[in-house]
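This report goes through the model by chain, sheet and contact. The structure comes before the details.

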Amino acid sequence: MEIPEVLEIKNVVKENWKTKTFFFYKNIEAEPGQFVMVWIPRLDEKPFAVTFTNPFGITVTKIGPFSTTLHQMYEGQKLGIRGPYGHGFELKGEKICILSGGYGIIPLSFLVERALSKNHEVTAIVGAKTKDDLFFLDRLKKAKLIITTDDGSAGMKGFATDALKGQLEKETYDCVYTCGPEIMMKRVFEICENAGVECQVSLERYMKCGIGVCGQCCVDDLTVCKDGPVFNSEQLRKLTEFGVFNRDGTGSKIYF
Amino acid sequence: MASLEVKIAGLKLRNPTILAAGILGISKKVLERVARSGAGAVTTKSITVKPRKGHNNPIFIQTTKESFLNAVGYSNPGLEAAKKEFENLNDFPVPVIGSLVATDAEEYAYLTENVREIGFKAIEIVLSCPHTPGFGVLAGHSTPETTKEITSAVRKKTKLPLFVKVSPNVMDLGKIVKAAERAGADGITAVNTLGPGMAIDIETGKPVLDFKVGGLSGPALRPIAIRCVYDIYESVRIPIIGVGGITTGKDAIEMMMAGATAVGIGTGIYYRGIDVFKKVCDEMTEFLESHGYSSLDEIIGIAHRD
């Protein structure tokens, strides 16, 4: 049934200065890259990537009014959850690379854990503005970890996409997985196309129904909520809106 | 092979399935996908003069296996954006119906005049939304008098086939559709969602839809829609697009036997995917052939014969 199930918050973990993980009294089955709709009664309902399944947990960065309200919630309080929804990441081959920009680490850390549990060899390129923005590094311990920061406060100073170019020159990957700002993901896709490497990206759009009916989250003729949020190279090649514009709650175009 | 081709209000459709208003129709590209998925015609999301965000989420929830409630609130980027989004419809593979909503007759006339350049093949005016203040039922548009006033105003501004979308929850449906017909409508779209209804989450004690109430759609609506179409068929001579709970070819056949010339599909996309249109058409063909019918004309309205 496509209606929120109200779950009690089991505990809340602070991940960085503006990010918290909320765990619930429930285990779920989900693929990395899938999302749930989180309902705060009488306020709104928004999509968040699944980050943990056993117990179920979502990780939320404080950005707008909804996430700010979420951040004020604590154990014992209740939230409505629908899902998991959408088409997640598909693990390919044996050796993979993930590239995270900023809060893209939220779904990608789950992917890395899943890939490692299936004995994939994983390189994780994690880009952040500064050292204080990094989190979930403990989930990436068994991966080959490359950190980049804009200010050089951790890892290499520079862009994650440059680190990816370097890696693709010396290593061969079966697939590159990315999540982060869309302009960055577009660049990752271009780099992969030039290198002839398969790529999967997780797109974000203003979402309403979450189940492929209302059309609000369409990118070209695909629904991000049902056909996505993860799209592969073959799909991305056909998209004219990827990296070009988003739509707001009215459906008006907002150019990147 | 039995033909599914139908003619409705001057439009020739390759098959009678039409994407209902408000579902998916945010862009020309996604409408093209619906056409590729087999629809005989497609309807845009309803267009208003100004951009509207609509209601906050949740806007679309399931209440039983066979019913959904929605209160989208006419989310759309407005007239000016629609003109750009839907330009160059000349090469579009199937007719595109422009759905318009406005707060009064004057605004409806303004919208109709201003969507002329878009190239829609028909106009649908929605006088029947159950959940958006200022529009439809909540603005008193679902009476014979206002139906006549708004339909006349729109009729003066367009030569395109004009459909009036009506509500299932009115006592004087016959009078409303007669008023629409007399005011120059070329067809009736029946029905909009039922209600409004409400769902309350019992853990929190709060209504689930952010707007609290919403219109009911899905298979549970079908018997009501069938009855409405049956009644409308008895009341007017103009053709009917039957909408409400259609997910299978058999549902569509039933709707046409009640008197519909074409059928709208919306929530059916949830149950069977975007290619529900092709599935419904294949099932209709199978029915016609196994029952010895050669065209849909032979079944439209047969429930009215003694």
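Two strands are taken to pair if DSSP finds at least two bridges between them. By that criterion S4(A) and S5(A) pair, in the antiparallel sense, over three bridges. The model is predicted, and local features are described where pLDDT is at least 70.

## The barrel of chain A

In chain A, six strands close into a barrel with antiparallel pairing. The order of the strands is S1-S2-S5-S4-S3-S6. On average, neighbouring strands of this sheet are turned by 45 degrees against each other, direction ignored.

Strand S1 of chain A covers residues 5–16 and strand S2 of chain A covers residues 19–24. These two strands pair in the antiparallel sense, over six bridges. Within this pairing, A:Asn11 stands opposite A:Phe23 in S2(A).

## Strand S5 and its neighbours

S2(A) also pairs with S5(A), again in the antiparallel sense, and five bridges hold this pairing in the count. Here A:Phe22 has A:Ile58 of S5(A) as its bridge partner. A:Ile58 of S5(A) also stands opposite A:Val50. S4(A) and S5(A) are joined by a hairpin through two residues.

How many residues of S5(A) are buried? Five of its six residues are, and the strand is mostly covered. Helix H2 of chain A, residues 105–117, lies across strand S4 (44–53) and strand S5 (56–61) of chain A. The helix runs at about 30 degrees to S4(A).

## Two domains in chain A

The domain assignment divides chain A into domain 1, residues 5–85, and domain 2, residues 95–255. Taken over C-alpha atoms, the centres of these domains of chain A are separated by 21 Å. Domain 1 of chain A gives 17 residues to the contact between them, and domain 2 of chain A gives 18 residues.

Which elements give two or more residues to the side of domain 1 of chain A that touches domain 2 of chain A? They are S1, strand S3 (35–40), S4, S5 and strand S6 (78–85) of chain A. S4(A) supplies the largest share of that side, four residues. By type, the residues of the side of domain 1 of chain A that touches domain 2 of chain A are eight nonpolar, seven polar and two charged.

## Chain B

Nine helices and 16 strands make up the secondary structure of chain B. Chain B has a radius of gyration of 18 Å, close to the 19 Å that the globule rule gives for 306 residues, so it is as compact as a globular protein of that length. Along the principal axes, the C-alpha atoms of chain B fill a box of roughly 50 × 50 × 40 Å.

Of the 306 residues in chain B, 59% are buried. Contacts in chain B between residues at least 6 apart in sequence were also sorted by separation: 70% of them join residues at least 24 apart.

## The contact between the chains

Chain B puts 36 residues into the contact between the chains, and chain A puts in 26 residues. On the side of chain B that touches chain A, helix H1 (28–36), strand S5 (60–64) and helix H8 (268–272) of chain B each supply at least two residues.

How do the residues of that side of chain B divide into nonpolar, polar and charged? There are 16 nonpolar, 10 polar and 10 charged residues on the side of chain B that touches chain A.

Note on methods
Residues numbered from 1 in each chain as written. Chains lettered and ligands numbered in written order. Predicted model: local features only at pLDDT ≥ 70, side-chain atom pairs only at ≥ 80, totals over all residues. Rg over C-alpha atoms; globule rule 2.2 N^0.38 Å. Buried ≥ 20, exposed ≤ 12 C-beta atoms within 10 Å, placed from the backbone. Contact = placed C-beta atoms within 7 Å. Axes fitted to C-alpha atoms, helices over the stretch in contact; angles between N-to-C directions. Nonpolar A, V, L, I, M, F, W, Y, C, P; charged D, E, K, R; others polar. Domains from an automatic or database assignment.
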